[in-house]
Amino acid sequence: MKGGSRMVETFTDLSRLVIRLADHEAMRFNHEYIGTEHLLLALTRDVGGVATAALKSLNLDTRKTRFAVERLLPGGLVMTPDLRLTPRARTALAYAIQEAASLKQKLVGPEHILLGLLRMHECGAEHVLSDLGVTKEAVRREVLGHLGDGPSHTDAS
């Protein structure tokens with residue numbers, strides 16, 4: 001993630017994995033960018049932790065989410081090796097930092113990335129969730145419920 005060194009320092013290893021998986025998903029679609037829909041799709045991969053548990057409990061999996069992304073944004077024509085985050089994806093990650101801080105957590109885990117995505121309006125992730133019949137409120141409630149069940153699954157890396 002270019003220009004986001006402070007951002008990356010506060011992210012856990014799992015969060016960095018989510019961003020790498022989002023990059024991989026964008027390349028799978030031959031998209032020239034990493035958008036909020038790619039971040040959401042990466043979060044449906046079984047990376048573990050609160051985000052994975054919350055999405056699974058809402059019956060969101062990689063297959064269904066990938067199909068919804070395909071319906072929303074067909075594959076591109078050109079594969080670019082150096083993908084950049086869209087401004088909305090970058091904003092969602094900034095919101096993730098705010099979400100972690102509001103929960104009094106120093107490190108940003110995948111659950112915070114998911115909560116950050118939920119704060120975005122008129123973005124790919126929002127359209128994908130809507131297409132799958134899942135409200136942002138339900139996802140937020142599920143994440144916060146899982147966080148309340150025990151310690152956050154953010155690692156200290």
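Okay, some ground rules. What you see is a predicted model, where local features need pLDDT of at least 70 and side-chain atom pairs count only at pLDDT 80 or more, while totals for chains, interfaces and linings use all residues. Residues are numbered from 1 along each chain as its sequence is written, and side-chain values use heavy atoms, with hydrogens and water left out.

So, the layout. We have nine helices and two strands; helices here are DSSP runs of H or I with at least four residues, strands are E runs of at least two, and both are numbered from the N terminus. Going along the sequence, the order is α-α-β-α-α-α-β-α-α-α-α. Out of 157 residues, 45% are buried, where buried means under 20% relative accessible area, exposed over 50%, and partly exposed in between, with a 1.4 Å probe and protein chains only.

Let's look at helix α2, residues 13-28. Which of its residues are buried? They are S15, V18, I19, L21, A22, E25 and A26. They cover an arc of only 160° around the axis, so they sit on the same side of α2; that arc is taken from the directions from the helix axis to the C-beta atoms. Their cover includes β1, α3, α5, α6 and α7.

Now the core. The largest nonpolar core has 43 residues, and L43, I113, L114, V139 and V143 touch the most other members. By nonpolar core I mean buried Ala, Val, Leu, Ile, Met, Phe, Trp, Tyr and Cys residues joined through side-chain atoms within 4.5 Å. Take I113: leaving aside residues up to four places away in sequence, I113 touches F11, S15, V18, L43, L93, A96 and V108. Touching, or contact, is heavy atoms within 4.5 Å.

Last, the charges. There are eight salt bridges, each a side-chain nitrogen of Lys or Arg within 4 Å of a carboxyl oxygen of Asp or Glu. E25 is in α2 and R66 in α5, so the pair ties together parts 41 residues apart in sequence. Buried or exposed? E25 is buried at 0% relative accessibility, and R66 is buried too, at 15%. R45 joins E25 and R66 in a network of salt bridges.

Technical notes: Expected span 1.5 Å × (residues − 1).
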